[in-house]
Every structure is written in C-alpha cells, then in structure tokens.
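Work through the following exercises with the coordinates open. Each task sentence is followed by a stepwise solution.

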Amino acid sequence: MSNVDFDDVLVQIGERGRYQNIMYYLLCVPATIPAVFLAFSQVFVSASPDHWCRLPSLEHALFGGLPLTPEQQRSVGVPSVLQADGSRKYERCLMYDVNLTEWLEAHNVTRGETLPTPDSGWPQVKCSHGWNYDRRDYDSTLVTELDLVCEDSWWVSTSTTFFYVGSLFGNVIFGWIADRCGRRVSFLCILFSMVWVAILTSFSPNYLVYTILRTVSGFFFPAIFQIPFILALEMMGPRYRTFAGMVICMFFAGAMSLLAVLGYLLRDWFSLSLATSVPFLLLFSYYWITPESPRWLLSKNRIDEAEVIVQKMAKVNKRPIPVNFLHQLEAESQSLSRTRQQAPVSSATPMDILRHRNIRNKFLILAFDWVANAVVYNGLAYNTTNLGVSDYLAFFIGGVVEIPSYFITWWAMDRFGRRSVLCLTMLLGGLACVSCMFVPEDAVWVTVSLAMVGKFGIAASFAVFYVFVGELLPTVLRSQAMGIASFIAGLGLLTFPSIVSLAEHSRVLPLIVMGTLSMAGALVSVFLPETLHLHLPQTIEEGEALKVNFDICSLTFRHRRRRRTIDDTPSPS
C-alpha cells in the first residue's frame, strides 16, 4: 500500500475540478437509469390490472340487438358488493354458475332498457374460462398474457422476492471484485452482464424463466448503483461528498419519473422491457471512457498507473504538476515515515461490534433503520399500483416528490443535525402512511397525497441515513459494519413484496404496515448520537466514546461547542 494520501493529491490537482465534474455526471447515468429500470420496471411489466371472470356464454349474447360490452357482461355474470358510495365492487376470481343466456332471454330485454340485476343467492364458482382485463392503463402485461391472477397471483411477489435474493449475493460478489480487482473492472463486469441478461429477460417464454432471469438480474442491483458512485466519489475531495451523494439521489428520482413516462407511452410489457434494456448497449462505450480509481490504485501500490490518471486530471483541471508527481510524494512520505516513530495500527474484526456495548447498540439501531428505510422506500414504489389511480401517474409523482426532499435534506442536515433530520423525516413519512387508515375508501386522492408525503419523508431519511451511518462508525470497523448492516437490510427487503400484496385485502393495509415500520425507525433513531461538526471516530475507543445525548432538537451552536470538547480530547493512539 502506498504512503501517499490521495486527499493530499487532490489539494494540488483540484478537489472537484472539471475532470471530476465530467466523470461524475457521466457515471451518474449508468449508476441511476439502468439501476431504476432494472429494479422497478417490474412494477409495470408485471402489473395486475383490474380483472374479472371471462364469460363466453355472454360474448355473443345480444342486448337490444347489440353485443354485450365486457362491463355489461361483468354486471350480470360476476358477483358484486354495493359500496357506501353507491358503486359496486366486483369479485375478481368468482362467477355465477347459472345459464346466463337463458336467464337474459327469459327477461326479454330490449334496447334502451337497463340490464336485470342478478340474484346474489346464485351458486358461485371459480373462473373456469380465463379472465377479462381492464385495458385502460395497459395493452398487455405478463400478468394479463399469462393469467397470473387469483390462484397464480403469488408468482409476481415471488419473482420480486427472488430478485432481491439475487441482490444479496451480487452485492457481496461485486463488492469483493471492486476491492480485489478494481472499481473499473467490477463496474464493467456488472454493466456488460446486466444489459445482456435484461435483454434476454424480455424474451422469457414463461414466468418461471422470467423469474429465474430476474433472480440473475438481481445480482447486479444495487451494485450497478454503488460501484460507479464509489468510483466517482473517490475522485473528489472530502468537502464535496455530500454534494455527490445528494445529486446522484436526484438523478435516481429523475430516472424513476422517466420510467413512468416510458410505461405510459408504451403500455406493453414487451416493448417496455426492450426500451429499458436495449438502449443500454450504448453504455458499452464506457469501456473507453471510465478510468480506474486512482485512490484504489494507490491502495494497491500501483503508482505508475495512478500517475497516468492523476496527470490527466491535473491537465483537464488546468492545475499543472511536476512529472512523476506521485513518485515524488511517495518518496517524501517514505522519508517522513523513517524519521518519526509510527504508532501501531490497531486491527478490528466484526466481533468487535459485539464486544463493545455502545458500538453494538449503535450498530443494531442503524441496521434496523436501514431495514426500515429500504423496505418502506421500495414498498412505496411498488405499491403505487394499489393506490386506485393511474399507475403511471402515481409512480411519476412518487419520483418527482423525491427531488425537493433531497434539496431540503441537504440544507437541513448541516443546520439542524443528522439525528434530528433522520428522526423527523422518518416520523413524517410514517405518520402520513398510517393516516391513510382514517381516509374514506372513496377519497382516493387523499390516500395518494398521503402516500406521496410518505415517499417524500422516506426518500429524505434515506439520503441523510447514508451520510449518518458513515459518521457514526469508527474507521477501523466502518466498511465491515456497513457491509453487515447492508446484508441485514437486504434480508429485510425480502419481506416487502408480501407487504405490498396485502393490498388484496385492503388498499391501505400496506401503507399502515410500512408507516408503522417507519415510525418505529424514527423512535429508535432518537438513541443515536449526533455527529454534526464532530471529528469522525477513527479507532474503536473513539467510536465507543461517541455516545448519545437526548437533546434531539440540538442546534448548530451546540454541535460546535461539542466539537471543541471532542477535538481537545487526546487521541488514544
């Protein structure tokens, strides 16, 4: 490992110059748009529109000399319940077991008259001739094409669950490749594999093959988001990392809205699948565009390769540096290291998380909050199809509301602290979702508005959480602890498809469950210490010393006073 600190290099060549800006925005494209399309296209591809039993005996029946429309067939052949608002809620999986043609002929209905009302006491059976589907939003989905409803509706949630099973292992595998072989190698492996698998998924002959290919696709998420983001982040100075985190979240939100627009324009699962995969063949050009992370190269003592990239960065940033700049810094660092006594570097293992009470408590809270944020964010995105309005509109609004949440969080977290913003945003999102239980069934847009407030809150909390979690854990344990917590969150994600499927019983039930989880996360986050303006803990001892105070409304001047206290404390090393 080289002795050169890359942050010192950035002081000379620019912490966020023209080169970093170009690479950052270029890498935001493959980090967000393919990630969103990969993870959330199934919302539309496997959407389950309103459906009812197909009634072949009525398809050729005449009403006043004209064939019965699908809605008229449903009104006489499918059981229904009268709602409080006067509308009827029809069964999706049952039909009347009577000779409907003879019954209609017996009534001798003529044109201009209303259809007779069926007898609710008639015997009922399961759909035996397939289903009719509401085609207002979708021309076709995998569900309508393969009749994955009623007894086969479990296929959709199972496919989503297996996608996130794949992501559990893919995150570990590609994270290891990124650390072992380089960020660029890992990113290109993900990109090349993901695009071909996504295209192949579009040609699935049945839902079993589709589910298998979706599981393979899961290997690339969220690695396709994280690896290029890390690559871009490692080329910037510490002052600009919050900027990098917030802006990429805005790209992600924009990609969510873009997916909704594509779904609305195409309305066919096959066309949408191709539109969200084939264009990414253009991203293969990143093979010639993407450099390796010079920070990673220095960590592997590959100074000559890092020198080439650093020289190019300095040239683009118009910050001239000497030839062999890194070799000169390396020689100076080695000279200094020989003239001063080096303190022994303490190693840490994951067991240290359990051995130290304060670190253990913080880790458990962070893991729970990570699960809550991940489940609620993904759950709200997938639940847009259950809100009772256009799926495309609800999904589009869900992406749009995230953008202001990131601006507000960006401003608030540096003014009021990480803990208070995390707690209040999770509480806001949770209360908005739970409040849906008090909304009348027919007040659809009130429910939609509250769900969007919930999405606003959970998106904001997720943004501050990623900053907060890195500041709470000591450097010697940070990557290990975050990796374990991320894996736990991945396990938690396996539950959200089942939560979303609760909408079959009540439209607001998934919102109540997710809102409760979000409020629980807000409650436990009170027990985390504030980190605003504090020196990041480096050792286990410093991490153990960073304890909670219960002034959740602490202001900036209080954090600054605490900073002087901690900074004046001698380092254990």
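**Exercise 1.** Determine whether Cys433 is buried or exposed, and whether a disulfide partner is absent or present.

Solution. 
Step 1. Cys433 has a relative accessible area of 1%. The classes are buried (under 20% relative accessible area), exposed (over 50%) and partly exposed (in between), with a 1.4 Å probe and protein chains only. Cys433 is therefore buried.
Step 2. A disulfide is a pair of cysteine sulfur atoms within 2.5 Å. The cysteine sulfur nearest to Cys433 is that of Cys436, 6.1 Å away, and Cys433 is in no disulfide.

The model is predicted: local features need pLDDT of at least 70, side-chain atom pairs count only at pLDDT 80 or more, and totals for chains, interfaces and linings use all residues. Residues are numbered from 1 along each chain as its sequence is written, and side-chain values use heavy atoms, with hydrogens and water left out.

**Exercise 2.** Find the disulfides and state how the bonded cysteines pair in sequence order.

Solution. 
Step 1. The structure holds 2 disulfides.
Step 2. Cys53 and Cys127 are bonded, with sulfur atoms 1.7 Å apart. Cys53 lies in strand β1 (residues 51-53), while Cys127 is in the loop between β7 (124-126) and β8 (131-133), so the bond joins distant parts of the chain, 74 residues apart; strands (E, at least two residues) and helices (H or I, at least four) are DSSP runs, numbered from the N terminus.
Step 3. Both Cys53 and Cys127 are buried.
Step 4. Cys93 and Cys150 form a disulfide with a sulfur separation of 1.9 Å. Cys93 sits in the loop between β5 (88-90) and β6 (94-96), and Cys150 in the loop between α7 (142-146) and α8 (154-180), 57 residues apart.
Step 5. Cys93 counts as partly exposed because its relative accessibility is 27%.
Step 6. Numbered in sequence order, the bonded cysteines pair 1-3, 2-4.

**Exercise 3.** What is the handedness of the link between Cys53 and Cys127, and of the link between Cys93 and Cys150?

Solution. 
Step 1. The S-S torsion of Cys53 and Cys127 is about -65 degrees, so this disulfide is left-handed.
Step 2. The link of Cys93 and Cys150, at -100 degrees, is left-handed.

**Exercise 4.** Compare the span of helix α12 with the expected value.

Solution. 
Step 1. Helix α12 covers residues 241-266, 26 residues.
Step 2. Arg267 follows α12 and has a positive phi, near 60 degrees.

Terms used: The expected span of a helix is 1.5 Å times one less than its number of residues.
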